[in-house]
Amino acid sequence: MSNVPSDLKYTKSHEWVRALPDGTVEVGITDHAQHALGDLVFVEVPEARRKLAAGEPFAVVESVKAASDVYSPIAGEVTEGNPALAAQPEVINSDAYGQGWLMRLRPSGAVPALMTAAEYQKLVAEEGG
Amino acid sequence: MAFIPHTREDVEAMLAAIGVGSIEQLFDEIPANLRLGALAGVPESLSEMEIGRLMAERARLDGRPLCFIGAGAYEHHIPAAVWAIATRGEFYSAYTPYQAEASQGTLQLLYEYQTMMASLTGMDVSNASMYDGASAMGEASLMAVRANRKSHSHRILVPSTVHPHYRKTAAAVAGNQGLVFEELPYSMEEGRILPGALDRYDGQDITALVIQQPNFFGRLEDVDALCDWAHARNILVVAVVNPTSLALLKPPGAWGTKGADIAIGEGQPLGVPLSSGGPYFGFMTARMEHVRQMPGRIVGRTVDAAGRAGFTLTLQAREQHIRRAKATSNICTNQGLLVTAATVYLSLMGPGGLERVAAASHARTRELTDALTKVPGVRRLFRGPVFHEEALAIDRPVAPVLESLAARGIVGGLDLSEHYPELGQALLVCATETKTTADIEHYANALTECLRAARAA
């Protein structure tokens, strides 16, 4: 059973979203996603001030098996890409919900409905995770 | 494992297993109006005997002219060992070895090739080659857009001194992907980028600047200043270089303060014969920071489970067989056979041998220029240094003069009027180490007579 913290929101494409006190959100990929990808060897995070539409690819995570796009769950403007990942992409494997965050984003407009931890847990179970 | 095609029984068994009646049925989803059907204008097949005879007759028509044309493809001496080794059965494949356990020899050869190209261009990494120099420029432009994340304009500055075919090919490859190629004017006196041509781009969002060295006219651009201008404005630099010239000229990795970001070019001068335009091969090298944006195969050295050194394709997650539509490129491959020849050629030459080829080509071109500019009605078009090509102005229309020379068994050069009509009656000539003093005198005498005849007509 995957690790799915109850205080986060989730997407069908396996991103997690954390609301931060300053009104921005933090986005990363789930523990289930990092496990499916395998050992990460390279991560490309977005530049600050980049404007993203909901569903737009904002990062690339490359493992020994595949390179995959990560999609922004929410429209907004990037406030920061995680600078630590260039040198240490493997922290996504070891700490997907903590040090492995990919970007911080200031949402613009309405925030779309995201999945709860329970709903995401169900999705992962259905996918065989 | 035997590499043999499927038998009819194999095909039928596979179709039965997936419940499909015919192979044709698998293509049902392609609408009929998008399907070509029979190929128009393609003749019926010929037998081996018939095709052998046809090709021998065509080859006779070509003859063995004395060639003074360069313009992107160059006649150099190819030691006999090059193709004797390249056509050995063990190497005789045009394609990429995905199966490392069965392909160590080819993989090691590609690794050595990459090492030599990185060293020659002064860059950190090389891929295992591309189709040709022109398509490599299209790929390098797309790569620059991916690599330059500070720029959002997708605007690429391309001097008109870059090979016209390269410019056309790059626009064909990348133009429909949102890239905009903007032409920089050249100086009619110097045959290189007009000083001050870049001023109007100050403060604008530009993704990359392409610099060809030596340029299409054989002349030397001020690469250090151009490179520094670009880097001061967060513009990436794509170098287009002749590999032979790098034995004498500063490699792209040492241009300006920081060096070019990507270097590409046509690999044909390294052991590949002139053969009606191909097959040739393109090369591409880059700074390490851009390696993940580099298209094509890259071979790496590693160790196996027992700790023994071995070779394998690396960074494949960027590539089309894994990343599909989002791969760094879906229109490239490496040119295994030609790269094999180039690797053997470079190994035989060594740095000293390549330098002698480059120096001899430069000396022969100077000799040719001296001889031809003594012909009445011929003068140099531009001032300043060249590598191994020179643009000449002649006082009669070029095309008929080239025809008269061809009738005497001389390919006299490239008529520049097609691509540069503003230059008037202009001819681009080249001499490599393959031309003797007698060849050059023969050309000068023939040109004297052809021009005299043209004036009398």
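1. The buried residues of helix α6 in chain B are covered by elements that include α5, β3 (155-159), β4 (180-184) and β6 (236-241) of chain B. The model under discussion is a predicted one. The residues of α6(B) that count as buried are B:Tyr166, B:Arg167, B:Ala170, B:Val173 and B:Ala174. They line one face of the helix, because their directions, seen down the axis of α6(B), fall within an arc of 135°. An α-helix has 3.6 residues a turn, so residues three or four places apart point the same way.

2. Helix α5 (residues 133-147) of chain B packs on helix α6 (residues 164-174) of chain B; their axes come within 8 Å and cross at roughly 50°. That angle makes α5(B) oblique to α6(B). The crossing in which α5(B) passes α6(B) is right-handed. From α5(B), the residues that meet α6(B) are B:Gly133, B:Ala134, B:Ser135, B:Met137, B:Gly138, B:Ser141 and B:Leu142. Their partners in α6(B) are B:His165, B:Tyr166, B:Thr169, B:Ala170, B:Val173 and B:Ala174. By class, this contact of α5(B) with α6(B) consists of seven nonpolar, six polar and no charged residues.

3. The loop between α5 and β3 of chain B contains B:His154. Its phi is near 60°, a positive value in a residue other than glycine. B:His154 counts as buried because it has 20 C-beta neighbours inside 10 Å, and the cut-off for a buried residue is 20 or more.

4. A positive phi in a residue other than glycine also occurs in chain A, at A:Arg49, where the value is near 80°. A:Arg49 belongs to the loop between β4 (40-44) and β5 (51-52) of chain A. This residue is exposed, with 9 other C-beta atoms within 10 Å; the exposed class takes residues with 12 or fewer.

5. Helix α10 (residues 398-407) of chain B has B:Val398, B:Val401 and B:Leu405 as buried residues. These three lie on the same side of α10(B), because they cover an arc of only 65° around the axis. On the face turned away from that buried side, α10(B) carries the exposed residues B:Ala399, B:Glu403 and B:Ala407. The cover over the buried residues of α10(B) includes β12 (389-394), β13 (410-411), β14 (414-415), β15 (426-430) and α11 (437-456) of chain B. Following α10(B) is B:Gly409, with a positive phi near 80°.

6. The packing of α10(B) against α11(B) has an angle of about 130°, and the axes are 10 Å apart. α10(B) is therefore oblique to α11(B). The crossing of α10(B) past α11(B) is right-handed. On the α10(B) side, B:Pro400, B:Val401, B:Ser404 and B:Leu405 take part in the contact.

7. Helix α4 (residues 104-121) of chain B packs against helix α9 (residues 336-373) of chain B at an angle of about 60°, with the axes 9 Å apart. The angle makes α4(B) oblique to α9(B). α4(B) and α9(B) form a left-handed crossing. From α4(B), the contact draws on B:Thr106, B:Leu109, B:Leu110, B:Glu112, B:Tyr113 and B:Met116. These meet B:Gly336, B:Val339, B:Thr340, B:Ala342, B:Thr343 and B:Leu346 in α9(B). The contact of α4(B) with α9(B) divides into seven nonpolar, four polar and one charged residues.

8. Two cis peptide bonds in chain B deserve mention. One runs from B:Gln213 to B:Pro214, with omega near -10°; B:Pro214 is in the loop between β5 (208-213) and α7 (223-231) of chain B. Another runs from B:Gly278 to B:Pro279, with omega near 5°; B:Pro279 is in the loop between β7 (262-266) and β8 (282-286) of chain B.

9. The last point concerns the contact of chain B with chain A, to which chain B gives seven residues and chain A gives six. On the side of chain B that touches chain A, two residues are nonpolar, none is polar and five are charged.

Note on methods: Residues are numbered from 1 along each chain as its sequence is written. Chains are lettered from A and ligands numbered from 1 in the order in which they are written. This is a predicted model: local features need pLDDT of at least 70, side-chain atom pairs count only at pLDDT 80 or more; totals for chains, interfaces and linings use all residues. Helices (H or I, at least four residues) and strands (E, at least two) are DSSP runs, numbered from the N terminus. The arc is that of the directions from the helix axis to the C-beta atoms. Two residues are in contact if their C-beta atoms, placed from the backbone, lie within 7 Å. Ala, Val, Leu, Ile, Met, Phe, Trp, Tyr, Cys and Pro count as nonpolar, Asp, Glu, Lys and Arg as charged, and the others, Gly among them, as polar. Axes are lines fitted to C-alpha atoms, for helices over the stretch in contact, and angles run from 0 to 180 degrees between N-to-C directions. Angles under 35 degrees count as roughly parallel, over 145 as roughly antiparallel, 65 to 115 as roughly perpendicular and the rest as oblique. A crossing is left-handed if the near helix is turned anticlockwise from the far one by less than a right angle, and right-handed if clockwise.
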